[in-house]
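Visitor: I would like to go through this structure feature by feature, with the criteria stated. Please show it to me.

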Amino acid sequence: MAMIQSVDMTKLVEKLNLKNLTPDISLLNRKVTSPEINRPALQLTGYFDHFASERVQIVGYVEYTYLMSKTREEKYPIYERFFSSNIPCVIYTSRTEPEEDVLALANQYEVPVLSTDVGTSPFMAKIIRWLGVELAPRISIHGVLVDVYGEGVLIMGESGIGKSEAALELIKRGHRLVTDDVVEISKVSDDTLVGRSPEITKHFIELRGIGIVDVKTLFGVESVKETQSIDMVIKLEDWDKDKDYDRLGLEEEYTEFLGNKVVCHSLPIRPGRNLAIIVESAAVNHRQKKMGYNAAQELYRRVQESIAKG
């Protein structure tokens, strides 16, 4: 089940370099829960039907100049209704500054008022992109995520089957660890899943018989990565001599996370198989397919041509 996401107001202020114009209002324990924003143009004219009050409110230069053309008697009732609507915060852009009435009502209803020197359009693009990532639908699964030749490879399988050992060998071969044991997967678009590590286990690998290994300390900062798109899944499973494994790969198999399909390969494990090399080969082969070359289809074409000639 996807987790309900929220982002701390303090993190919003820090990451977007915002100035807090209402310092008497504490930002602690305040959350933003909607990835969408609202420019309250119609609300500032007095129309509050269908007001998306749960969103961050953006007051740009157009709204500001419109308000400056109105008298205090016209504006004050609108301001009061606006700030009493349980909005998370208001952000003034383009070097605009709120009036004293705005700050007074903001403090009365405990609504943080923030500001940025950035223009309205570029700031909206920035905050929408940032909130989209921070508040994307998210699940946590058991697995290991590594960056292999730029491809995000999610290694899954039963506990103790060798996921962490395969990841460690890949790290020694120059690839990068994103997370071991727990993978937090976010759906940032209909085409993209991004994986990351929980803060508590970031850069750590658990090896049975040895214990916890700090990959960043042992192998350097180039051996780890904060986030990575998930491009393919490799499921490790015990070798079953009675099972018919795919040997050509003419048809792709998929697994699904948060409604997004990801290419999936089932990899049988038996003594003597070098998992790291197999994962590397799978990643390179996946890149080739994305670039338009499919080795299985090329073999099939050659066989068909040979049969036709015969």
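Visitor: Which residues lie nearest the centre of the second largest pocket?

Guide: This is a predicted model, in which local features need pLDDT of at least 70, side-chain atom pairs count only at pLDDT 80 or more, and totals for chains, interfaces and linings use all residues. Residues are numbered from 1 along each chain as its sequence is written, and side-chain values use heavy atoms, with hydrogens and water left out. A pocket is, on a 1 Å grid over the protein atoms alone, an open set of points with protein on both sides within 12 Å along at least five of seven lines, and lining residues have an atom within 4 Å of a point. The second largest pocket has 17 lining residues, and those nearest its centre are Lys11, Glu134, Arg138, Arg196 and Glu199.

Visitor: Which elements give two or more residues to the lining of the second largest pocket?

Guide: Elements are DSSP runs numbered from the N terminus: helices are H or I with at least four residues, strands are E with at least two. By that count, the contributors are strand S1 (7-8), helix H1 (9-15) and helix H5 (120-134).

Visitor: How many residues in the lining of the second largest pocket are charged?

Guide: Asp, Glu, Lys and Arg count as charged; Ala, Val, Leu, Ile, Met, Phe, Trp, Tyr, Cys and Pro as nonpolar; the others, Gly among them, as polar. The lining of the second largest pocket has three nonpolar residues and four polar ones, and the charged residues number ten.

Visitor: Which element gives the most to the lining of the largest cavity?

Guide: A cavity is a set of grid points where a 1.4 Å probe fits but cannot get out. The largest cavity is lined by Leu44, Val59, Leu67, Tyr79, Phe82, Phe83, Val90, Tyr92 and Val102, a lining of nine nonpolar residues with no polar and no charged ones. Helix H3 (72-83) and strand S6 (90-92) each supply at least two of the lining residues. With three residues, the element that gives the most is H3.

Visitor: Why is the pair of Phe48 and Phe51 edge-to-face?

Guide: Rings of Phe, Tyr and Trp (its six-membered ring) pair if their centres lie within 6.5 Å, and planes under 30 degrees apart count as stacked, over 60 as edge-to-face and the rest as tilted. The count by this rule is three aromatic pairs. The ring centres of Phe48 and Phe51 are 5.6 Å apart, and the pair is edge-to-face because the planes stand at 80°.

Visitor: Are Phe48 and Phe51 buried or exposed?

Guide: Buried means under 20% relative accessible area, exposed over 50%, and partly exposed in between (1.4 Å probe, protein chains only). Phe48 has 10% relative accessibility and Phe51 has 13%. On these values Phe48 is buried, and Phe51 is also buried.

Visitor: How many disulfides does the structure hold?

Guide: A disulfide is a pair of cysteine sulfur atoms within 2.5 Å. Cys89 is buried at 0% relative accessibility, and Cys264 is buried at 5%. The number of disulfides is zero.

Visitor: How many residues of helix H6 are buried?

Guide: H6 covers residues 163-172 and is mostly covered. Among its buried residues are Lys163, Ser164 and Leu168. Of the ten residues in H6, the buried ones number seven.
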